[in-house]
Amino acid sequence: MSEPDENPVLKAYESFLHHTPAATRMLLLLLVASFFLSLLVPTGLALGNVPQLVLNGEVYRIVTSILVNPDFLSNIFAGLILYQHSIRIEQSMGSAVLVWLCGVGFTIVTNLLVISLSLVLFGLTSEPSYLLMESSGGIWSVVFGTMAIEACQAAVYHPQRRMLCYQVPTLYSPLIVLGFICLMQGRIVFGYAVSMALGYAVGRRNNAHFMPVSVGQVLDRYGRSLSGWIASSSAAGVATWSQDEQQVRFDATTNCFPSFGSHTQLFLYQQQKV
């Protein structure tokens, strides 16, 4: 009797668990959960960052705005971008840093800055729409923040990247995407712009401050962790963006990493020598 065929859905899910670090996995699952929540509740009205409502005491909106993701197609694109960028950021800086950036920096801090900006614009123009507009971008605020960090760090190895038919500076590629989306929406989404500015600030600051790491630390702290949590002391630094590097991913079946590329080996060896 022949063996039953492998369940492709289960196989894909196991591959996702094995190859995706913990914080990135949590972000993607949060995106999926927030979409299904939007089918039950009008999340924009109930959870969005509306400055006037926050000032009236509904401060929970500063935290819950990340759950405002009602558009299916938009979520697909956000998930694809987030998966690509957040994995590398997590490998570069560590899981805890990515969680802090997305949960605090690109959500709470971004919303507070957006409310402050709305108050300033309202004071200058007396236009009430600045206080009544749902100004958070849901998961897209996180996406634009991670895009900015990724652009800062990737530019070390790749000064140019292709967008459509053109080569553009890697460092400024997120600004082009932001400009296109704002043009399509007919307005500037403050949440996107503020989170991108924070992302650039974090990315530019950390370019010269990557944590030293050894191969032994990486294999010991991440390679033997079934959870996929990357300790900050095990982060691979800027070598994560090396063109010749094979992505550092945990394989739960072998309980180790597949391999390191030549640039990563050189980087880790140099850090050991220091």
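These questions and answers cover how terms are applied to this predicted model.

Author: In this predicted model, local features need pLDDT of at least 70 and side-chain atom pairs count only at pLDDT 80 or more, while totals for chains, interfaces and linings use all residues. Residues are numbered from 1 along each chain as its sequence is written, and side-chain values use heavy atoms, with hydrogens and water left out.

Reader: Why is the contact of Arg 61 and Glu 58 called a salt bridge?

Author: The term requires a side-chain nitrogen of Lys or Arg within 4 Å of a carboxyl oxygen of Asp or Glu. Here N to O is 2.6 Å, so the pair meets the definition.

Reader: Why is Arg 61 called buried?

Author: Buried means under 20% relative accessible area, exposed means over 50%, and partly exposed lies in between (1.4 Å probe, protein chains only). Arg 61 has 4%, so it counts as buried.

Reader: What makes Glu 58 partly exposed?

Author: Its relative accessible area is 25%, so Glu 58 falls in the middle class.

Reader: How many salt bridges does the structure hold?

Author: Two. Arg 161 also bridges to Glu 150, with the closest N and O atoms 3.0 Å apart. The pair links distant parts of the chain: Arg 161 sits in strand β1 and Glu 150 in helix α9, 11 residues apart. Helices (H or I, at least four residues) and strands (E, at least two) are DSSP runs, numbered from the N terminus.

Reader: What makes a set of residues a nonpolar core?

Author: Its members are buried Ala, Val, Leu, Ile, Met, Phe, Trp, Tyr and Cys residues joined through side-chain atoms within 4.5 Å. The largest such core has 30 residues; Ile 139 and Trp 140 are among those touching the most other members. Helix α9 gives the largest share, nine residues.

Reader: Is Gly 179 called buried, exposed or partly exposed, and why?

Author: Gly 179 is partly exposed, because its relative accessible area is 39%. Gly 179 lies in helix α10.
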